[in-house]
Amino acid sequence: MSEQPGTERWTIVGTAKELRRKRAIVVAGPEADVAVFWNDGRPSALANICIHRKRELSRGAILDGRVVCPGHQWAFDVTTGYCAEREQSQPTFETRIIDDVVVVDASTTINGVQVTPRDADDASDEVPSSDRPLVADAGNILPTTIGPYSPSIATGELVFLSGQVGKLPGTTRVEGSVAQQTTACLRNLGVVLKANGLDYASLVKCNVYLIDLDDFAEMNDAYEAELAPCRPARTTVGVAALPLGARVEIEAVAQNPTASRTA
């Protein structure tokens, strides 16, 4: 191919290996950010902001060749951008692999759907990412629940802690790298532990869920940094998707040895 990566038309995304590992990479286009996904052995690209203009598709899960918006659960065909349930389409862009480098033409859509400019007044109802802490000390704010469940249940000496994703304190927002989300998961668990009069040292078992097991090393480093010197038993499982577009979720069991003496 005569065209080269990084020319005026093509924007470099990364190597094919990197995109396979990360699953999605966002690049800046002239008018809007573009999310480039790896699916079924090839790259595909859609406008990153959902046509609802509220959520980033790069944070969604890919299921059966469709990327699921983490906010509204609309599922767009990752190649055509079409959402059959809503009969609407997400803007799509041409991608190629040149010498094992993935590139995207972020200047023109290939399905004719108009791109919403990133500076549109209604492009987002959230504070810009650069102005928000990705990992915050949750303090005494119990994690927001998103279903009919309790943050924890105590029975005898054991305390069962519901799974936590990396929600920012008092919100249902999940964002940041796998490492940042892992730290946030553990700090949210820490608040629930504190509400039970416990701390990290009380943990006896953790279950970690990752949507991409290639993220194991990044998760592991952040996990160890936050919990050290505690080393509860642990299981790590790969899953297809997690709530709120999270990349990692952690549930736990803790022990309260004083419970039997005070019962």
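What percentage of the 263 residues in the chain is buried? Buried residues make up 43% of the chain, where buried means under 20% relative accessible area, exposed over 50% and partly exposed in between, with a 1.4 Å probe and protein chains only. This is a predicted model: local features need pLDDT of at least 70, side-chain atom pairs count only at pLDDT 80 or more, and totals for chains, interfaces and linings use all residues. Residues are numbered from 1 along each chain as its sequence is written, and side-chain values use heavy atoms, leaving out hydrogens and water.

**Confidence**
- The average pLDDT is 84, and 84% of the residues score at least 70; pLDDT is the predictor's confidence in each residue, from 0 to 100.
- Residues 121–139 have a pLDDT below 50. Beyond near neighbours in sequence, this stretch has 36 contacts in the model, a contact being heavy atoms within 4.5 Å.

**Overall build**
- The chain has four helices and 16 strands. These are DSSP runs numbered from the N terminus: helices are H or I with at least four residues, strands E with at least two.
- Take the contacts between residues at least 6 apart in sequence: 63% of them join residues at least 24 apart.

**Nonpolar cores**
- A nonpolar core is a set of buried Ala, Val, Leu, Ile, Met, Phe, Trp, Tyr and Cys residues joined through side-chain atoms within 4.5 Å.
- The largest one has 21 residues, and L161, L203, Y223 and I250 touch the most other members.
- Two or more residues come from each of β13 (158–164), α2 (178–195), β14 (203–210), α3 (216–227) and β16 (248–255). Helix α2 gives the most, with six residues.
- Setting aside neighbours within four places in sequence, L203 contacts L193, L227, P232, A252, V253 and A254.
- A second, separate core has 16 residues, including V13, V36, V104 and V115.

**A look at T95**
- T95 is found in strand β10 (residues 92–98).
- T95 counts as buried because its relative accessibility is 17%.
- T95 and V13 are 82 residues apart along the chain, yet their C-alpha atoms are separated by 9.5 Å.

**Charges over rings**
- A charge sits over a ring if NZ of Lys or CZ of Arg is within 6 Å of the ring centre and within 35 degrees of the ring normal.
- R20 lies over the face of W38, 5.3 Å from the ring centre.
- The charged end of R234 sits over the ring of Y223, 4.5 Å from its centre.
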